[in-house]
Amino acid sequence: MQKKLLYAAHTVHRKLPVNYEEMHDGKISFIRTEESIDASYLLEIKNAYISPFGVIFKNGFVVKESVYSMFKPNSFALSFFKKIALNKVRKISGNCIVAHHSYYQNYYHFLLEILPRLFVLKEQATSLKLVINKNIPSFVKEYIELFNFKEIVYINDDEIAKVDNIIFSTYLSRGLAYNESVIKEMSAWLCQKLYDDTITNAPEKIFISRDNATYRKTVNENDVFCFLQQKGFVKFNLEEPSIKAQANFFKNAKYIIGSHGAGFSNMIYSKNCLLAMDIIHEQHPQDCFHNLANCFNIDYLYFQCRGTGANSYANNDDILVNLDTFEQTYHQYIFDK
């Protein structure tokens, strides 16, 4: 295995959410104003196996650098042995690249955890074969088309790939955090490719809806949007537009408010955003969009709501917005600016 340093370990410093003092006591467990980001490397391995979920297997062992931080490497080994024994092996010649993990179908995880690992190798893309799961959504196809890979090889869930040579970047940070310099460079690159200068009516105030979600819904979302619509906000649904449409919808955003979800990932397309207001369950200790907002010096507001009990797992529970508190918060942080 060949290993080359891509980015040295470093420390990032973040500003607090603007309403930090009002946040739930549990805030100290997940809001990090200073964090060490581990070094990341470029690895090259010959004659290795790749799972349909992006994990690499060599000489009877899972390559730990290929495993997402939220998973345990040893949990993948049995799957490799079974597929090898059943001869479910797809052979791929030449130089290959892999970057995805098990959450590849989620817009947030793909855009901000998987795509950066492709981005750091974009200059080599035309000489590499991308190995990826066959069951990818349309937005993933749109993003990988931007790279002009030599070939895209799709593997099924019941297969593994046997490759001559695999080149890949290790993860650039822990899950839900970022190598800020990479994210900013990738943002600029994507904006250059996706912005349409003929679109001049992009909204400055955006409300991210979860109307179409199956969980983590805001049950009185219509009431929240009714108030915001009077303030000039325009509704956005993640499920509808292409990646180009999303980039151009968010490019002029100054204020982004919404129910916690992947739509906030589109902050990377907002050139002059001032504040992102994340409406979230009070027992959902989530720092991903606080961390992302800090990459672009965007103020972040963690607006906590009580759950409805529709789901025993707080992170996926529906929430109810206290409208009086919401309006007061809005006027405090947005209306007077």
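Residues are termed buried when their relative accessible area is under 20%, exposed when it is over 50%, and partly exposed in between (1.4 Å probe, protein chains only). The structure is a predicted model, in which local features need pLDDT of at least 70 and side-chain atom pairs count only at pLDDT 80 or more, while totals for chains, interfaces and linings use all residues. Residues are numbered from 1 along each chain as its sequence is written, and side-chain values use heavy atoms, with hydrogens and water left out.

Nonpolar cores were defined as sets of buried Ala, Val, Leu, Ile, Met, Phe, Trp, Tyr and Cys residues joined through side-chain atoms within 4.5 Å. The largest such core comprises 68 residues, and the members touching the most others are Leu111, Leu115, Leu118, Tyr143, Leu190, Met267 and Tyr269. Helix α2 (residues 107-119) makes the greatest contribution to this core, with 9 residues; helices (H or I, at least four residues) and strands (E, at least two) are DSSP runs numbered from the N terminus. Tyr143 is in contact (heavy atoms within 4.5 Å) with Tyr107, Phe110, Leu111, Leu115, Leu190, Ile243 and Tyr269, residues up to four places away in sequence not being counted. A separate core of 20 residues includes Tyr255, Tyr330, Tyr333 and Ile334.

Helix α7 (residues 288-295) is largely enclosed by the rest of the structure, because 8 of its 8 residues are buried. The elements covering these buried residues include α2, α4 (180-194), β14 (275-281) and β15 (299-307). Asn297, which follows α7, has a positive phi, near 55 degrees.

Helices α2 and α7, together with α3 (138-145) and strand β11 (205-209), each supply at least two residues to the lining of the largest pocket. A pocket is an open set of points on a 1 Å grid over the protein atoms alone, where a 1.4 Å probe fits, with protein on both sides within 12 Å along at least five of seven lines; lining residues have an atom within 4 Å of a point. The largest pocket holds about 920 Å³ of space. Its lining consists of 38 residues, with Asn106, Tyr107, Arg210, Tyr215 and Ala262 nearest the centre.

Cys295 is buried, with a relative accessible area of 4%.

Methods
Points joined across faces, edges and corners; volume = space filled by probe spheres on them.
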